[in-house]
Every structure is written in C-alpha cells, then in structure tokens.
Amino acid sequence: MLEKTAVPALRNHFRFQWEPAQDCHVLLYPEGMIKLNGSAGEIMSCCDGERTIDGIIDMLAAKFPEAPDLSADVLDFFKVAHEQQWIDFS
Amino acid sequence: MNSNGSTSANRPGPPLWLLAELTYRCPLQCPYCSNPTNLAAIKDEMSTDQWLQVIRQAREMGAAQLGFSGGEPLVRQDLEELVAEGRKLGYYTNLITSGMGLTDERVAALRDAGLDHIQLSFQSSSEEINNTFAGSGKAFEQKLKIAKAVKAQGYPMVLNFVLHRHNIDQVGEMLALSEALDADYVELANTQYHGWALNNRDSLMPSVEQLERAEAVTNAYRDKHKGGMKLYFVVPDYYETRPKPCMNGWGSMFLTVAPDGLALPCHSARDLPMDFPDLRETSVSDVWFESEAFNKFRGNDWMNEPCRSCPEKEKDFGGCRCQAFLLTGDAANADPVCEKSPHHGQIAEAVERANCHTNIAEAPLLFRNVANSKNLIARG
C-alpha cells in the first residue's frame, strides 16, 4: 500500500520535460521517450524529489480548484510510475 | 520510442531520433560493424559548425534523442562542444562508444558538458574473445576501467554485447559481468547481417540450440532479478518468420547523419543504390520532408508483392529495405526473412548452414578495417 507521506523522485537516468513538437510532457531516458498524458504531466510537474504525495495532491488541488478529489488519480499514477521504474520513493 | 512518429497518412511526423555518426575512424575492427564496407572511400567529415547546424535544425523540428556514434565518436576532439550544444537545446544526449581513448578526465568533461548517458560496447565477457573480435589486445582492460569510471561519475550506463556464435554461449557470464559493473541496462543484441556482418555471416550465425540456450539464460535472469538491470535481448531476424518493423518505418522517426553529412534513414542505408541528400547543402527539414530518398519507402505504394496485398504490411512495413536489397537485389521487395517472400530460401539455407556447421573455426573472419574496405571496393 502506497503511503501519502512517501516522497517520489524521478530515477536518475530519466529527464522530465515539455516537448513543444509533441505538445505534451515527456520522460526521456537512454535512447527512449515516454509521452505523458495531460494529468500525468501535471502530476510530474509537481514532483521535485522533496514534496510528499500529499503535498503534490495539495498543490494540484490549489491549481485546479474545480477538479474533484484527485487523491486516487495521483496515487494510481505513482503506483504505475514505480512499477515502470520511472520513480523511486524515499 | 513508443510513438509512431507520424501525424497523418501523408505528412510524416518529425524525426525524433538524430544519430550523429561523427566519424568512421575507429581503433577497433569488429567484423560485424554497422559502418559501410566502403568506408575507406569516405574520408570527409563535417566541421564542428556543420554538425552544430544539423543538431540545431533537427531539434527545432522536434528531435528529442541525440546519439553520438561512429566509428568511435571520441576520436572527434569537438565531441564535448557538440554534447554541450545538444544538451542546452533540450536533447537527451547519448554517447555510443567502444570506450577506447576514454579517460577519467574526458568522462568528467563530458559530464560537465551535460552528457546524459553512456552506452559502452563489449565484444565478450572473456578477455580473449573480446580482444580477438575487437582486433585489439588492450580493449578488454580499457573497457573495464571505463565502465567503472562511468558509474563512479554518476552516469546511467548501458552495456551492449553484440552476440554471435563465438560468444552467445557466454550470456550468463555477460550478465554476471554487467551486474558486477553495476550496469543499468544490458543489450544482448544478435548481429544484424548487413555490410561487414553479411560478409562474415557463416562465421557469426549462431545455431538454434545456442540461441534457445541464450534466451533461456536471459529469461531466468529476468525472473530472478525483478527490478534489477533491464535486459534487452534482440534475436537474429534470420530465426524469425516475419520481418522486424525496421526503424519503425522508413523516414518515420530515425535520422542518421553520416560523417560526411549524408542523411540516411538508417545507419545501413548507405549500402543501397540510391542518392541520399547531403546536409552540407540541404536543411534537415528539406531532407526529411522533401527529399526523394526519404519519401521513397514511406507509406506502402512502393511495395511489391507479397507485401502489397499482405494484411501485416502496416505492422512490419515489409521489414528491412537494406536486407531486401542485399539479398534480393531490389530494395522494394519483401525482406526475405518473411516466410511469404519468394526469396526466403536464402535465409533458410543460411540458417541450415549455421545448424550443421560443426567446426566453428573454419571460416576466417573479415575484420572491419581500411585495408579490407579497400579490397572490398576493388572487388566491387
């Protein structure tokens, strides 16, 4: 079970950035690229290696006050991102 | 990359991968090298400014991965400058190297320039076989030293082993070596039989038993070490019944630039009897969207039978154009790896020879070097 106090951080061989030609955020890694959808891009934009998952949820809630509770989506994303070995938790 | 790189049926997407083959010079002589066999006739190399221009133009179009390769890219003294510009523009920068000529100081200078990742090739996990295939008695020791320096300086490291019948039985030892060196990714890539490797095919092709054992060792390692090094195992396409979707389609996402500025849809394409555009005279955008060469095998109007009416043509694009040309004489034919190809018998014969071949030392290897290249050119 993923705790909301966990701090997600991108693994050191990944880079997260906005790609204008793709019109989306991407993760770049040795010889590859993963295109992120809009919500995954927003979540990763808040992930700085210091913020907890809770902190990231709060930040997104402040940015998107109209959105319903984002906790489940954020937790799901980090679960997948960890399974895919994009991120580590501390 | 997990993108098909195309936005509509007619207009291709931008190149996503720029492979800069900075030079054909190399201190090693691997007999499966992907460089053209006529490399002795190609001496020109683009200047630093010409390379910078290509790197900038491709990034402007949307290329996100930049590979520095060769030959041995470390031979170029401007490598750090090119890496720095690539990184500044937002590329993920990859150095694809033999490690020969690399020093702790240069590993650090490349780090300062912003290099993201180093892929280091080994010819084997055994010093003797490694050095025989590299054509250098010092290669193995140097590679071990460099692998340690690469990790000590915090890079992600990919180790690449090109597999063939003389080293494929050592896959277990290769994985142990990779683990000891703390690799992040390991590529166990069977030889692709183009160019130099096609000349050495009978000496290099593994038997089906060898291949099955190597795959079993790789799969067992994966099961035992979940979350550890990522392994990529590339089978020799001769043992497939359908061709690989080569380069994810011609001119779909890959752009290789040869040392002299020739723009190619893949690093083997120089062996095709076609005129490729020269980036010293043309922009990357014109090459990619407008040139006859890059449009030649896009879509499927160019296909001959059996590809033309094949339900799988959108999946594998008819396979590899270079392999089709090298084995059938027509680059628009089906890749003969495909069982549906009328030329598939050539593949079956080569595989049969590999499987009844008992004395592996019998065929001499043709090493990749300038003298052998000149001989091949003279023979036509």
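Student: Which residue forms a salt bridge with B:Arg280?

Tutor: A salt bridge is counted when a side-chain nitrogen of Lys or Arg lies within 4 Å of a carboxyl oxygen of Asp or Glu. Here the partner of B:Arg280 is B:Asp44, with the closest N and O atoms 3.5 Å apart. B:Arg280 sits in the loop between strand E9 (263-264) and helix H10 (284-290) of chain B, while B:Asp44 sits in the loop between E1 and H1 of chain B, so the pair ties together parts that are 236 residues apart in sequence. Helices (H or I, at least four residues) and strands (E, at least two) are DSSP runs, numbered from the N terminus.

Student: What should I keep in mind about the model before reading further?

Tutor: This is a predicted model, in which local features need pLDDT of at least 70 and side-chain atom pairs count only at pLDDT 80 or more, whereas totals for chains, interfaces and linings use all residues. Residues are numbered from 1 along each chain as its sequence is written, chains are lettered from A and ligands numbered from 1 in the order in which they are written, and side-chain values use heavy atoms, with hydrogens and water left out.

Student: Is B:Asp278, which forms a salt bridge with B:Arg280, buried or exposed?

Tutor: Buried means under 20% relative accessible area, exposed means over 50%, and partly exposed is in between, using a 1.4 Å probe and protein chains only. B:Asp278 counts as buried, at 14% relative accessibility, and its closest N and O atoms with B:Arg280 are 3.0 Å apart. B:Arg280 is partly exposed at 36%, and B:Asp44 is also partly exposed, at 47%.

Student: How many salt bridges are found over all chains?

Tutor: The search of the whole structure gives 25. One of them joins A:Glu42 to A:Lys63, at 2.8 Å between the closest N and O atoms. This pair links distant parts of the chain, since A:Glu42 belongs to helix H1 (residues 38-46) and A:Lys63 to helix H2 (residues 53-63) of chain A, 21 residues apart. A:Glu42 is partly exposed at 23%, whereas A:Lys63 is exposed at 51%. Salt bridges can also be joined up, as in the network that links B:Arg25, B:Glu45, B:Arg76 and B:Asp78.

Student: How do I read the place where two chains meet?

Tutor: The size of an interface is often given as the accessible area lost when the parts come together. Buried area is what two parts lose in this way (1.4 Å probe), summed over both, and here chain A and chain B bury about 1800 Å² between them, 47% of it on carbon and sulfur atoms. A:Arg15, A:Glu31 and A:Met33 supply 36% of the area that chain A buries against chain B, more than any other three residues. Counted by contact (heavy atoms within 4.5 Å), 17 residues of chain A touch 27 residues of chain B.

Student: How many salt bridges does the rule find across the interface of chain A and chain B?

Tutor: There are 2 across this interface, and in one the side chains of A:Arg15 and B:Asp116 meet at 2.8 Å, N to O. On the side of chain A that touches chain B, strand E2 (15-19), strand E3 (24-29) and strand E4 (32-35) each supply at least two residues. E4(A) gives the largest share of that side, 4 residues.

Student: Which residues does A:Gln85 contact, leaving aside its neighbours within four places in sequence?

Tutor: They are A:Arg11, A:Phe14, B:Gly227, B:Gly228 and B:Lys230. A:Gln85 is buried, with a relative accessible area of 15%, and lies in the loop between helix H3 (71-83) and strand E5 (87-89) of chain A.

Student: Which residues of helix H2 of chain B are buried?

Tutor: In this helix (residues 79-89) they are B:Leu79, B:Glu80, B:Leu82, B:Val83, B:Glu85 and B:Gly86. The buried residues of H2(B) pack against H1, strand E2 (65-69), strand E3 (92-97) and helix H3 (104-113) of chain B. Just after H2(B), B:Gly90 takes a positive phi of about 105 degrees.

Student: How many disulfides are found over all chains?

Tutor: A disulfide is a covalent bond between the sulfur atoms of two cysteines, and here it is counted when a pair of cysteine sulfur atoms lies within 2.5 Å. The search finds 0. For B:Cys246, the closest cysteine sulfur, in B:Cys320, is 3.9 Å away, too far for a bond. B:Cys322 is in no disulfide either, as the nearest cysteine sulfur, that of B:Cys266, is 3.8 Å away. B:Cys246 counts as buried at 15% relative accessibility, and B:Cys322 counts as buried at 2%.
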